[in-house]
Amino acid sequence: MKRIAVLTSGGDAPGMNAAVRAVVRTSINRGLEVFGISHGFLGLLRGDIIRMELSDVGDIIQRGGTALYSARCNEFKDEEIQQIAVKILKEFEIEGLVVIGGDGTFRGAYALEKHGIKTISIPATIDNDIPFTESSIGFDSALNTVVEAVDRIRDTATSHERTFIIEVMGRDSGMLALYSGIASGAESVLIPEVPYNINDVATKIKRGIERGKTHSIIIVAEGVMSAEKCSKLLSEQLNIDSRISVLGHIQRGGRPSSKDRILASRFGYEAVNLLLEGQSGQMVYLTQNSIKHVDYDTVLNHEKKIDISLIDIINELSI
């Protein structure tokens with residue numbers, strides 16, 4: 001193998017740049033030519049491919065987002081479109097591809113692998129909803145961002161004796177909401193994986209008020225409902241002064257945590273080594289502080305289970 005390429009796709013996540021840096025520098029140190037593909041699979045179809053040098057990834061390890069940019073490309077599900085991508089890769093004499101992203105990104109990589117392109121995937125999503133890996137790139141950074149925001153909001157909630165409903169990202173996965181709820185001491189957390197009962201949330205707030213509690217923090221994943229709807233439902237149950245806060249895309253941006261930088265560097269390094277060993281159709285993942293790899297079929301046919309027992313911890317500690 002003489003030439004490989006790297007791309008980032010789907011939603012951006014803090015630490016993607018650290019992974020790109022690791023892929024580029026490991027490749028060059030191994031005597032490979034390495035290319036960067038801008039704007040994910042969409043850029044691949046446009047032939048937006050440039051050769052990368054060591055200096056191209058200097059001073060990006062600390063930056064959020066992705067220096068290679070990202071984009072959605074729904075048309076990549078079409079086999080004819082995939083064939084165009086294969087043709088372009090062959091025109092550039094690229095023999096291996098490292099893709100960085102989430103579930104949709106892996107499906108694109110899997111399609112290319114079936115067409116004879118050697119691919120290795122790196123999990124990067126703030127939702128941390130990729131099976132097998134204990135953590136995906138970006139989750140720790142996003143978690144820290146949410147916890148810091150909730151800490152700040154709690155200061156105001158305490159000062160004004162109010163209930164705050166905070167909406168965090170997570171359409172299908174409540175991992176970010178659940179972990180931030182524990183770390184910030186939230187009174188209640190609503191996640192997609194567990195059916196909610198607004199009466200239970202209202203009852204907990206009411207019991208707190210009866211004990212003299214003057215403020216509460218409710219964290220709701222966007223996949224359950226909006227913060228606005230949650231506030232409306234609670235106001236029908238209780239006569240409280242509540243406010244809403246939607247954290248939005250600040251959860252994706254910002255400097256990656258040291259944990260994400262290290263994880264991304266390990267993933268990128270391992271991805272290049274796997275390609276050089278002749279491996280293909282594999283995702284790297286973290287388990288018990290070791291980097292392993294698993295085939296796409298297995299990854300895409302499994303669902304990451306959230307630890308529902310963590311809800312019990314929140315309920316016990318937020319009395």
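1. Arg-243 and Asp-241 form a salt bridge, with the closest N and O atoms 2.7 Å apart. A salt bridge here is a side-chain nitrogen of Lys or Arg within 4 Å of a carboxyl oxygen of Asp or Glu. Arg-243 is partly exposed, with a relative accessible area of 34%, and Asp-241 is partly exposed at 37%. Buried means under 20% relative accessible area, exposed over 50%, and partly exposed in between (1.4 Å probe, protein chains only).

2. On the source: this is a predicted model, in which local features need pLDDT of at least 70, side-chain atom pairs count only at pLDDT 80 or more, and totals for chains, interfaces and linings use all residues. Residues are numbered from 1 along each chain as its sequence is written, and side-chain values use heavy atoms, with hydrogens and water left out.

3. The UniProt record, an unreviewed entry, places the feature "domain: Phosphofructokinase" at residues 3–275. UniProt positions follow the numbering used here, feature names are shortened, and annotations may be inferred rather than shown by experiment. Over residues 3–275 the chain is 44% helix and 17% strand, and the end C-alpha atoms are 11 Å apart. Helices (H or I, at least four residues) and strands (E, at least two) are DSSP runs, numbered from the N terminus.

4. The structure holds ten salt bridges. One of them joins Glu-33 to Arg-3, with the closest N and O atoms 3.2 Å apart. This pair links distant parts of the chain, since Glu-33 is in strand 2 (residues 33–37) and Arg-3 in strand 1 (residues 3–8), 30 residues apart. Glu-33 is partly exposed at 22% relative accessibility. Arg-3, Glu-33, Arg-51 and Glu-53 are linked in a network of salt bridges.

5. Helix 5 (residues 139–160) has 22 residues and should span 32 Å at 1.5 Å a residue; its end C-alpha atoms are 31 Å apart, which agrees. The expected span is 1.5 Å times one less than the number of residues. Its buried residues include Phe-139, Leu-143, Val-150 and Arg-154. The buried residues of helix 5 pack against strand 6, helix 6, strand 8 (216–221), strand 9 (242–246) and helix 9 (258–276). Just after helix 5, Glu-161 takes a positive phi of about 55 degrees.

6. Arg-154 forms a salt bridge with Glu-187, the closest N and O atoms being 3.9 Å apart. Arg-154 belongs to helix 5, while Glu-187 is in the loop between helix 6 and strand 7 (188–190), 33 residues apart. Arg-154 counts as buried at 18% relative accessibility, and Glu-187 counts as buried at 5%.

7. Ser-121 lies in strand 5 (residues 118–123) and is buried, with a relative accessible area of 0%. Its side chain makes a polar contact with the side chain of Tyr-296 at 2.8 Å. A polar contact is a pair of N or O atoms within 3.5 Å; within protein, one must be able to donate a hydrogen and the other to accept it, and residues adjacent in sequence count only if both atoms are side-chain atoms. Beyond neighbours within four places in sequence, Ser-121 is in contact (heavy atoms within 4.5 Å) with residues including Val-99, Phe-106 and Met-283.

8. A search of the whole structure finds zero disulfides, a disulfide being a pair of cysteine sulfur atoms within 2.5 Å. Cys-73 counts as buried at 14% relative accessibility, and Cys-230 is buried at 0%.
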